[in-house]
Amino acid sequence: MSTVAGLISGGADIGRTRLFWIGFAVIVLLFLLYPTQTSAFRVSNASFYLLNVPLGLGMALLWGYCGVLSFGHVAYFGIAGYIYGIIAGNMSGNSFGPLAGVAGGLLATGFVAGVFGYFVFYARVQKWIIPILTLVLTLLLETFLGQTAGYQWRVGSVLLGGYNGMTGIPWFQLGGFVFEGYSFYYLVLAVVLACYFGLRMLVNSSFGHVIVAIREDELRTELLGYDIRARQWVVFVLSAVLAGLSGLLYVQWGNYITPSQVGLLQAALPVIWTAVGGTTSLLAVVISTFALNWVTFTLSSQGNQYAMVIIGALLVVTMLFFPRGIVVMLAERLGRLMTRRAAPSQP
Amino acid sequence: MFRLSARLGRNKLGFDRSGFTMDVLPLVLSLLYQFGTSAAFFFLAAVGLIIILGMMNIINLAHGELMMIGAYTATITYHAGVPFWLAVILSFFVAAAFGAVLELLIVRRFYGRELGALVVTWGVSLVLGQGTLLFFGPFMPSIKIPGGSFSFGDFSFSAYWLILVLISLLLILGLWWLYSRTPYGLQAKATMQNAEMAKSLGVRTPRIYALTFSLGAGLAGLSGALLAPTVTIAPFMGQQFVAPAFIIVVVGGAANVIAGAVGSSAILAAIKTPIGMAFGAFSGTVALLLAALIIIRVMPNGISASLQGYFSRRAGGAMR
Amino acid sequence: MVMDPAVAIETQSLNKRFGGVVAAENVNFKVLSGEFRCMIGPNGAGKSTLFAMLCGIESADNGQIFVLGHDVTRMQAFERVKLGVGLTFQTNRAFHGLSVHENLTIPQAAAKLENKEAGQARLEFALDAFELDPNDETKAAELFHNQLQWLEIAMVLTGYPSLILLDEPTAGMASEETLKTAMVLKHLNSTGLTTVVVEHDMAFVKDVAQTVTVLHQGQIFAEGSVADITAHDDVRRVYLGRA
């Protein structure tokens, strides 16, 4: 089971049949062709929905596969975005600026998550403490960033900007080629596919299986000889870096970032995407992240004030009536229909 | 203290004894006041949350919104002519009613699934907060802070905050009385220790859970109403209490509800007061998060569990 | 102190109390390599607590613990398991939400490779005798209780341990299933696997044990062969009842 194909087709995520992969390929093709069929504005919107997927994937990995719930994951989204803005902004003449910004952003999220994770996992705290403390962290981060208005709050030549946030964040470029508009869309698509397949291989590996065992029964897993604290820590840091990746893509998309990105309302969103998709499936969360971002974006751009109430109600309804996730339960239905169609003579 | 100033009074340079008293005593009183009001703030912000956590091992993420509901009840009734203290009492019951409905319809399906309860109560908090914004608009008329302020030396003290400190102490006594002297309290403690056993002994545990959740919600509403005169009353006002409340609860732990709440409030106020005075309020809160991370590293189940362990070890030793 | 390789487990002056309850009092517990030891005693005597302390799930108040030639007193639980210890729990802790296949493959990554040959032989024997198919995708929760117990034993064997601690493995089993369990454990022990079992079923104990340790109120009350123990008046009074 250690070949790439074996790892991708393993059972830790939904969809293994040939029909599934054909459907998958078709959808990827549609995404690739999308920009040719529509306006730049819509492509930009699609980029926005897609760039949140790594954040959703990180949540799914941490919560769904490892059983660790983080309510403040958007903190890493924000940290990466702000750090990129600071580094790339200060190196604006330098063509390596953006790369350094990306590296800095990812390293910063890894570092913060690493320190935070050390305190909670090596203390073997009770399960509910992690969502609470991660939420406190992101709330404090929002408060801190919110009071950074004024010229004295700058790093090098880059202003933090207080509640209005940081603007004029430089585009990401590789050797002079700037990723914006359509090229940015394809960049995001590539990143999303890479993250998805990378994670899919991870959860099908023996590391992934042990992670699931930790979720199922920590004590039993430890008594099989595994250092569960180290593994939870690794998954936590990885999922934080994924959140940071989304943050890096976000500041490309909008060239700005504000403290509200790490605030209470934003913090709820990845939890909702993951719950609605279904914690046990990476693909379901990809779908729900894309779909829910599309819904909220459309609703709020139409001036609809009810967007957050609807989303909150959706979370409550999902937890009450679709505990395994709406997308997962739909997929199960579909799977059952397919097997019934394939073998109608079965009793 | 007075002996010291008396000695200084005999200072050859003719240092004025009353001058010394005028300089240091207000500072000390101010520090005590800051400490006491911080502790009261923390206690009020967290008590409703801890009651529920101690009973059901659930963190109610709609806690901030329940405080908001208390504040809204207070301001609406107050501006309709109801005396402030009556409005506060009403807020308790309105929030408790909300809590009862929440528990019956939603929370009760999540006993045994603590993480699920956290998520679903977060959804409820979104609906309540956003719904309030849509229904009532972004601001509500504020309540003027009752009582006046008085100064002593260079520092001023608010009479209302002193009353809040007093009310906190009364609440602690009240809760202690509730848990140790009433049938509810006895049944609640039994259920907290061992729900199955309590059930088999005739305790109607679903009723205890519902009552406890309502009590926790009511206390949140009460605190919201009490703190309402000190803040802007808006749909998301609960948010400013949520971060400190969570830290209190994490440091306090669920082992002993009252000891955890009181001990945690005291310790965190002791940390926040000097740092807040030296570096500002925000730094004080950051220090709290850092303190919480360190404390849980050493005492993963909170200080109430460590206290309990300490006392039972002593008791065990005495039994030899 | 010199760690004798012939000693699988040794505790020195182990003490543990929970509040007012004495779970272990001055326990000097010693098991030699290759032994089959049974621990019996009334409920609350401290048997599961002793297992928990041996494995590192609970820490002793004071005393020292040596397992498989190492001083493990300060070691984390997973580090002790990696030395070659396997534990099954009093309430079955196979992964109920996962398949039989997953239950049997997950422990592999931490397997003690030095014992690979012997370990694999033991595992295959157990799987065969217990009729467990390592490729079975059935959810563990759908198995019968006795199969779950056997699954947990097989899980533990997947790690190629040198020492296994089984906490009431035959609880809830019918007599035929108990006999089978006894047969498998006896065979495994005969290949050199040190086995310590907590049990209440005296028929089982008489069948398998070489030595029996009787725990009572946290102390080692008596120790000896099965015949000695069942004839011991005090043991009969405390535990077996006059019979």
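Predicted model: local features only at pLDDT ≥ 70, side-chain atom pairs only at ≥ 80, totals over all residues.
Taken over all chains, the count comes to 14 salt bridges.

**View 1. C:Glu223 and C:Arg37 form a salt bridge.** Look for the closest N and O atoms, which lie 3.4 Å apart. This pair brings together distant parts of the chain: C:Glu223 belongs to strand E11 (residues 219-224), C:Arg37 to strand E4 (residues 36-40), and 186 residues separate them. C:Arg37 counts as buried because its relative accessibility is 3%, under the 20% cut-off. C:Glu223, in turn, counts as partly exposed at 40% relative accessibility.

**View 2. A salt-bridge network takes in C:Glu35, C:Arg37 and C:Glu223.**

**View 3. C:Lys112 meets C:Glu114 in a salt bridge.** The closest N and O atoms of these two residues are 2.8 Å apart.

**View 4. The side chains of C:Lys180 and C:Glu131 are joined by a salt bridge.** The N to O distance is 3.2 Å. Here, too, distant parts of the chain are linked: C:Lys180 sits in helix H6 (residues 175-190), while C:Glu131 is found in the loop between helix H4 (116-130) and helix H5 (145-157), 49 residues apart. C:Lys180 is partly exposed, with a relative accessible area of 24%; C:Glu131 is exposed, at 62%.

Key: Residues numbered from 1 in each chain as written. Chains lettered and ligands numbered in written order. Heavy atoms only, no water. Salt bridge = Lys/Arg side-chain N within 4 Å of Asp/Glu carboxyl O. Helix = DSSP H or I, 4+ residues; strand = E, 2+ residues; numbered from the N terminus. Buried < 20%, exposed > 50% of the residue type's maximum accessible area, 1.4 Å probe, protein only.
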